[in-house]
Amino acid sequence: MGKWFQFQKGYVVVQLCSEAPERFLNLCRNRGIDLWDLSSEDSYICSTSIDDFYAMKPIARKTHIKLKILQRRGLPFWIHRNRKRVPFFLGFVCFMVLLQLASLFIWNISYEGNQKYTEEELRNFLLERGYTAGMRIKEAHCEELEKEIRKAYNDITWVSVMIAGTKMTVKIKENDGYLHAEMQDEEPCSLYAQYSGIIRSMITRIGVPQVQVGDEVEKGQLLVSGIVTVKGEDESILSQRQVHASADIYVEQILNYTDWIPQNYLKKNVVSTRNLPFIQIGHYYLELPNFFWKTTENEMTVTHMQQLCLKESFWLPVYYGSKVIASCTETELKKSEEEMKKEAEKNFFQYLENLQKIGVEIIQNNVTINLTVGGCLAEGTVTVWFPAVQEGELTQ
Amino acid sequence: MAERFSHFAQSLAEQFNLPKDVVCGSILISMEGRNHVWIRNFRSLIEYSDCCIRLAGKHEKIRVSGKRLHICTYNYEELEIQGSIEGVWFE
């Protein structure tokens, strides 16, 4: 018999007042009475269930053994002993009711498998559709949400939304190995200038070019027309055909670049830290009052927060954790010339890298890094070629 | 007569691959180290003290001796003894 089962049913520890209880024990066994924890050190003591204790009484009379209850253990006795503690039982009932109510809502949404899309982005997407911590489980439609995610994000190849307990798990698989299928958009269109500048490179695949290399164009100017006209010998228009214009056109632009690296900077040194534990239930926030520490001007706060869960899938709207408040002092330090130059160079290369990422070709770089009073100045111009093609409506 | 019947039951069990404890009524003893012993198929408890437990089976009696012997479970099915067991003897 398991310990929990014994506790649940209740049992008694009985002393058998006799010198030789063997006959009594044999009779008990023959009548199917279970005994456990039988010891004979000072006197014979055993444990038995409540029903078996009553069944034992006639045998005890028969064998002239006196039964003495030493202890009453288990749930029925515990309830009987505490029957007058009404607020305790009411509190327990309230707790169970609250737990039951809490189990009707989703309190935690977790995301798995996302690399490209951040949790915040997915959370906002779900929030727009009403899926947030605190919503009713009944109102959550996993299949519909799966469809919506697949519809909104083309490069998410597989989605699974499941609810276990009070936790919603969104598992996604992103498409990491792209097959770049050439999607031919056959809608007729013309090409217009996306930026102003001088055209430096132009390759027209389909359409009638309206400008040539060396021309200065304004933003929005027609570059390649999507209307192809077939003319006769007498320059009369024989026919007109609408096509999807296609071309690679680069315009030259001169970008000004300025970056200032100051020599002096403030460094924060942590002097002391203190922990303030807190608990948050729903929107109610309770923090240990800050009696003993003086608040200083320069403070950094880091909050560690965890959500309470009874089981892996049973999360509750209870958050706990601590605020680590660090008092800091600020010291003014100076960078060396080397450090300033390195920082300026790093910033400039980062700037160029960002330009290249958006398809810009860097032609000439006239940026110089000079040390001046109080810092380092990176200044100059960068000549770049921008891809300047933008699709638009057909015009004559 | 009883001995003859015991032999007959034993040969019958061997012949038909029947469990001997059921056919012959032999006592089953399982031990775990020298602190735990389980005894099944016994008839009655003859003597119980913290240093000796004697049991009667169908054909034989056994004695478990040791120190601080404590019966953990005592029901119709089995008897579980815990303690520092020195030996199990057939009488």
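1. Leaving aside its neighbours within four places in sequence, with which residues is L67(A) in contact? The residues are V14(A), Q15(A), L16(A), F24(A), F53(A), M56(A), K57(A) and A60(A), where contact means heavy atoms within 4.5 Å.

2. On the basis of this note: the model is predicted, so that local features need pLDDT of at least 70 and side-chain atom pairs count only at pLDDT 80 or more, while totals for chains, interfaces and linings use all residues. Residues are numbered from 1 along each chain as its sequence is written, chains are lettered from A and ligands numbered from 1 in the order in which they are written, and side-chain values use heavy atoms, with hydrogens and water left out.

3. L67(A) also belongs to the largest nonpolar core, which has 35 residues; L16(A), F24(A), L25(A), L67(A) and I39(B) touch the most other members. A nonpolar core is here a set of buried Ala, Val, Leu, Ile, Met, Phe, Trp, Tyr and Cys residues joined through side-chain atoms within 4.5 Å. Buried means under 20% relative accessible area, exposed over 50%, and partly exposed in between, with a 1.4 Å probe and protein chains only. The element that gives the most to this core is strand 5 (residues 61–74) of chain B, with 5 residues. A second, separate core of 28 residues includes A344(A), L355(A), V382(A) and V384(A).

4. Helix 8 (residues 337–357) of chain A has 21 residues and reaches 30 Å from its first C-alpha to its last, close to the 30 Å expected at 1.5 Å a residue; the expected span is 1.5 Å times one less than the number of residues. Helices (H or I, at least four residues) and strands (E, at least two) are DSSP runs, numbered from the N terminus. M340(A), A344(A), F348(A), L352(A) and L355(A) are buried in helix 8 of chain A. They lie on the same side of helix 8 of chain A because they cover an arc of only 105° around the axis, the arc being that of the directions from the helix axis to the C-beta atoms. Strand 15 (246–262), strand 20 (361–365), strand 21 (368–372) and strand 22 (375–387) of chain A are among what covers these buried residues. The face turned away from the buried side carries the exposed residues E338(A), K342(A), K346(A), F349(A), Q356(A) and K357(A).

5. Helix 6 (residues 119–128) of chain A has L122(A), F125(A) and L126(A) buried. Their arc of only 95° around the axis puts them on the same side of helix 6 of chain A. On the other side, E120(A) and E128(A) are exposed. After this helix comes G130(A), with a positive phi of about 85°.

6. Over all chains the structure holds 16 aromatic pairs. Rings of Phe, Tyr and Trp (its six-membered ring) pair if their centres lie within 6.5 Å; planes under 30 degrees apart count as stacked, over 60 as edge-to-face and the rest as tilted. W78(A) and F89(A) form an edge-to-face pair, 6.2 Å centre to centre with 70° between the planes. One aromatic cluster is formed by Y257(A), F348(A), F349(A) and Y351(A).

7. R29(A) lies over the face of F42(B), at 3.9 Å from the ring centre, and over the face of Y76(B), at 5.1 Å from the ring centre. Such a placement requires NZ of Lys or CZ of Arg within 6 Å of the ring centre and within 35 degrees of the ring normal.
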